[in-house]
Each structure stands twice: as C-alpha cells, then as structure tokens.
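Student: Could we go through this model together, one feature at a time?
Tutor: Gladly; here it is.

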Amino acid sequence: MRDKSNAFPFSPETLRSLRADTPGCESVVHFNNAGCGLLASPVLEAMLAHLRLEAAIGGYEAAAARQEEVRDFYAATAGLLNCSPENIAFAGSATDAYTRALSAIPFERGDVILTTRNDFISNQIAFLSLRKRFGVEIVHAPDHADGSGVDVEAMAALMRERRPRLVAVTHVPTNSGLVQPVAEIGRHCRELELLYLVDACQTVGQYEIDVEEIGCDLLTATCRKFLRGPRGSGFLYVSDRVLRAGYEPLFIDMYGARWVEPGRYRPVETAARFEDWEFPYSAVIGSAVATRYALQVGVRRIAERTPALGARLRDRLAGIPGVRLLDRGARPAALVTFEIDGWQPQPFKEAMDARGINSALSFREFAQYDFRDKDVEWALRLSPHYYNTEEEVDRVAATVAELSATAARR
Ligand SMILES: Cc1ncc(COP(=O)(O)O)c(C=O)c1O
C-alpha cells in the first residue's frame with residue numbers, strides 16, 4: 001500500500017532519517033538544490049576520511065590505497081545512467097565536461113550547431129566562441145507557441161534540412177523548471193545519425209536518466225546539485241559510438257593517451273580519454289558515495305517527490321498577489337521561478353536569506369531568449385529536494401507572501 005503521508009513516497013520515518021543524515025537541515029531551509037544540494041553525512045565523512053589519509057600517508061599513496069572507492073565512481077555513475085563504467089569520465093564541473101566534449105568535435109567553417117532557446121548560458125557562450133573562432137553557424141529550433149518548450153517536429157525538420165554537426169539540448173535549463181523532451185529529440189538524432197549532446201546538469205539525481213533511452217552520444221552533469229555530491233565534481237558520458245569513431249578532446253594528456261613513440265600518441269580506448277591525470281580524489285570518492293546514496297534512496301522515488309514539492313510550492317505561490325510564476329511546460333521540474341512586484345533582486349534574496357531560506361537569482365543575461373519571451377529582467381529560483389518537507393514548502397510560500405505584502409505597503 002502506498003503511504004499517503006506528507007512524506008510521500010517515503011514514510012515519515014524514512015524522511016526523518018534522510019534529514020537526520022543531512023546536517024544542513026538543522027540550520028537552513030535549503031531551497032537552492034539547483035545551485036548545490038546539501039551534502040549527506042556519509043558523503044562528508046568519506047571525503048574527510050580521504051583528506052585525512054592524504055595528510056597521513058601522502059596524496060599519491062592515499063589514492064592507491066583507495067583505488068576501489070575511486071573505481072566505484074565509474075560503476076556508480078554507470079548504474080545511474082544505464083551504461084558501462086568505461087563510458088564515464090570524471091570532470092571538475094558540468095561545464096568542464098561540456099567543453100571537453102565540444103573540443104572533441106572537429107568543427108569547420110559553416111558547420112551547424114542545432115540547439116534550443118532554453119539552453120544553458122555557458123553552453124551558448126561556448127557556441128558563440130566556436131562561431132567566433134571557427135565560423136560555425138548556431139541555429140535555434142523554435143519553441144511551441146505556448147512556450148512549453150522546443151517544437152520537436154520543427155527541430156527534426158531543421159535536422160533534415162541543415163544536417164547539423166551537433167545537436168545540443170539542455171534537459172532542464174538553470175533559469176526555469178522547463179523539461180525538454182530529450183528522448184524524443186534523441187530518436188530523431190539516432191534516425192538521422194546526428195551527434196547528440198545533452199546537458200543533464202539539473203536532471204541527474206532529480207529524475208531517472210537512461211542514456212540508451214535518450215539516445216545521446218554525450219551527456220554532461222555536475223555531481224553537486226540534485227546528486228548532492230561535492231563542489232568541483234561532474235562527469236561526461238561518452239557513448240561507445242563516439243569512442244569507436246575516435247573522438248578525442250583537443251587537449252588530451254598523459255592519462256587520456258599513451259605517447260607510443262616520439263611522434264605519435266594513441267588515445268586510450270575508454271572515456272578516460274577525456275580525463276586528466278590529476279584528480280581531486282576526495283571529490284571523486286565523495287561523488288561516488290553521493291551517487292550510491294541517491295541509488296539507495298531510489299531515484300524513482302526521488303523523481304516522484306522532488307518535482308511534486310516544486311508543484312506544491314508553485315501552487316502556494318500562485319495565490320500570492322504580486323507574484324508571477326514563470327515556469328512553463330506540462331510537468332515542470334523542481335526549479336520554481338517567479339518575479340515579485342515591488343522588490344529589487346538583491347534585497348529580495350537577502351530578505352529570504354535573513355529568514356533562513358536559501359534561494360538563487362536568475363537574470364536576463366542567463367536566459368537571453370527565455371527571459372525576453374517572458375519579459376522579465378530577473379527571477380528568484382527556489383529548488384527543493386526530496387529531503388525537504390511539505391512544512392518547509394509552506395513556510396517558504398508564507399515568507400514570500402509576507403515579503404510581498406511588505407512591498408505593497410512600502
Ligand atoms: C543546466 C545547467 N547546465 C550546466 C550548468 C553548469 O554547471 P557547472 O557550474 O558545474 O559547470 C548549470 C549550472 O547551474 C546548469 O544549471
């Protein structure tokens with residue numbers, strides 16, 4: 001029988017124990033998981049233990065002694081994505097993973113990058129930089145008229161017409177809860193044999209992600225957001241197709257390649273080709289533990305609870321005068337964005353901070369197309385996660401109502 005409690009789909013006891021595992025729950029109402037999730041104690045302990053070991057016996061020696069834990073990063077991440085450990089490369093951030101992937105594509109003048117109007121800011125800047133240096137063309141597929149994300153049929157028509165060198169889609173952008181239909185897009189990419197790169201930074205750890213179902217060639221994410229891993233960690237998934245085709249990062253190092261003779265190197269066979277020799281081992285181990293933790297909690301259950309908490313928050317905020325909700329799409333993710341009358345961004349966020357509520361700001365610059373379409377200059381983003389409670393959601397909404405009323409009186 002399904003539990004109909006507030007903690008759904010967990011039992012209240014399970015939710016209590018998940019919160020007891022999360023020291024930050026005692027000090028803040030953390031609604032900035034889309035920025036960085038709160039570390040669970042086992043993750044923190046594993047990282048501290050590794051740093052202590054480095055101090056005690058030496059950094060290289062500690063890495064050798066903890067080889068198995070390091071290897072588990074690949075096995076755990078592969079388990080999360082439904083691929084093999086050889087398809088995973090550790091990266092310092094999602095952007096680091098993304099630019100390594102981009103650097104592997106031998107762009108030529110006139111090549112087309114087909115993307116969407118809701119792609120992540122840094123990806124778009126990278127495309128513009130490629131345009132400046134190599135003369136690629138950036139094409140944005142149109143959205144549905146109601147703003148509910150990219151029009152897949154129109155995007156597929158562009159794929160057939162323009163034969164892009166790369167199709168690049170962000171699953172959920174940083175600036176709203178919009179969920180793009182990455183698997184539907186992937187089916188067209190597979191049919192037309194187009195290279196497909198997915199930014200799953202906001203969805204890994206929030207939803208079940210299956211790279212086979214998505215049909216992507218490359219997929220990037222950080223571990224610090226909904227996976228609740230440490231800062232300075234992320235990964236790149238590289239498909240067998242891409243590995244076999246010989247793609248390699250532009251700046252490949254002694255870990256990614258063997259220097260087989262003075263005038264020649266050979267990339268390694270696996271996705272390690274995209275990694276560097278130097279690693280922040282405590283972050284790698286912490287990421288492995290965080291991913292195991294998410295798998296143990298159950299990503300399906302996380303995916304039931306986390307967007308539902310976002311929906312509850314949207315529902316509460318919708319009734320507050322002066323608040324305009326900005327998220328579109330049938331079933332948005334747990335990134336709740338809104339603007340509020342009578343406040344400037346920084347003072348508003350500071351007022352939330354002062355009440356013990358963590359949040360984040362998005363500005364027009366983060367979303368040149370989306371925020372222009374919505375006619376907003378800035379938005380506050382609130383992003384709960386499964387370990388947050390319904391009571392916290394209601395408290396956050398009540399705080400926004402209080403601040404909205406204060407603005408009205410000023
Ligand atoms: C959708 C999306 N992609 C990529 C990134 C970049 O991640 P990182 O800061 O780890 O490079 C973010 C960060 O907010 C994001 O929201």
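This is a predicted model: local features need pLDDT of at least 70, side-chain atom pairs count only at pLDDT 80 or more; totals for chains, interfaces and linings use all residues.

Student: Into which domains is the protein divided, and how many Å separate their centres?
Tutor: The bounds come from an automatic or database domain assignment. Domain 1 takes 12-38 + 299-408, and domain 2 takes 43-296. Taken over C-alpha atoms, the centres of domain 1 and domain 2 are separated by 27 Å.

Student: Which helix gives the most to the side of domain 1 that touches domain 2?
Tutor: Contact here is counted between residues whose C-beta atoms, placed from the backbone, lie within 7 Å, and it takes 32 residues from domain 1 and 27 residues from domain 2. Helices (H or I, at least four residues) and strands (E, at least two) are DSSP runs, numbered from the N terminus. On the domain 1 side, helix 12 (299-318), strand 12 (336-340) and helix 14 (368-374) each supply at least two residues. With 6 residues, the top contributor is helix 12.

Student: How many nonpolar, polar and charged residues are in the shell around the ligand?
Tutor: The ligand is surrounded by 13 residues, and the closest are S93, A94, T95, T174 and C201. Ala, Val, Leu, Ile, Met, Phe, Trp, Tyr, Cys and Pro count as nonpolar, Asp, Glu, Lys and Arg as charged, and the others, Gly among them, as polar. By these classes the shell has 4 nonpolar, 8 polar and 1 charged residues.

Student: Why is helix 5 described as largely enclosed, and which strands are included in what covers its buried residues?
Tutor: A residue is buried if 20 or more other C-beta atoms lie within 10 Å of its own, exposed if 12 or fewer, and partly exposed in between, with C-beta atoms placed from the backbone. In helix 5 (residues 94-103), 9 of the 10 residues are buried, so the rest of the structure largely encloses it. The cover includes helix 6 (121-134), along with strand 2 (88-91), strand 6 (196-199), strand 7 (218-222) and strand 8 (234-238).

Student: What arc do the buried residues of helix 8 cover around the axis?
Tutor: In helix 8 (residues 182-192), the buried residues are V182, I185, G186, H188 and C189. The arc is that of the directions from the helix axis to the C-beta atoms. These residues lie on the same side of helix 8 because their arc is only 160°.

Student: Is R228, with its positive phi, buried or exposed?
Tutor: Most residues other than glycine have a negative phi. R228 is not a glycine, yet its phi is positive, about 65°, and it lies in the loop between strand 7 and strand 8. With 27 other C-beta atoms within 10 Å, R228 is buried.

Student: And E193, is that residue buried or exposed?
Tutor: E193 is also not a glycine and has a positive phi of about 55°. Its place is the loop between helix 8 and strand 6. Having 9 C-beta neighbours inside 10 Å, E193 counts as exposed.

Key: Residues are numbered from 1 along each chain as its sequence is written. A residue is near a molecule or strand if its C-beta atom, placed from the backbone, lies within 6 Å of it. Two residues are in contact if their C-beta atoms, placed from the backbone, lie within 7 Å.
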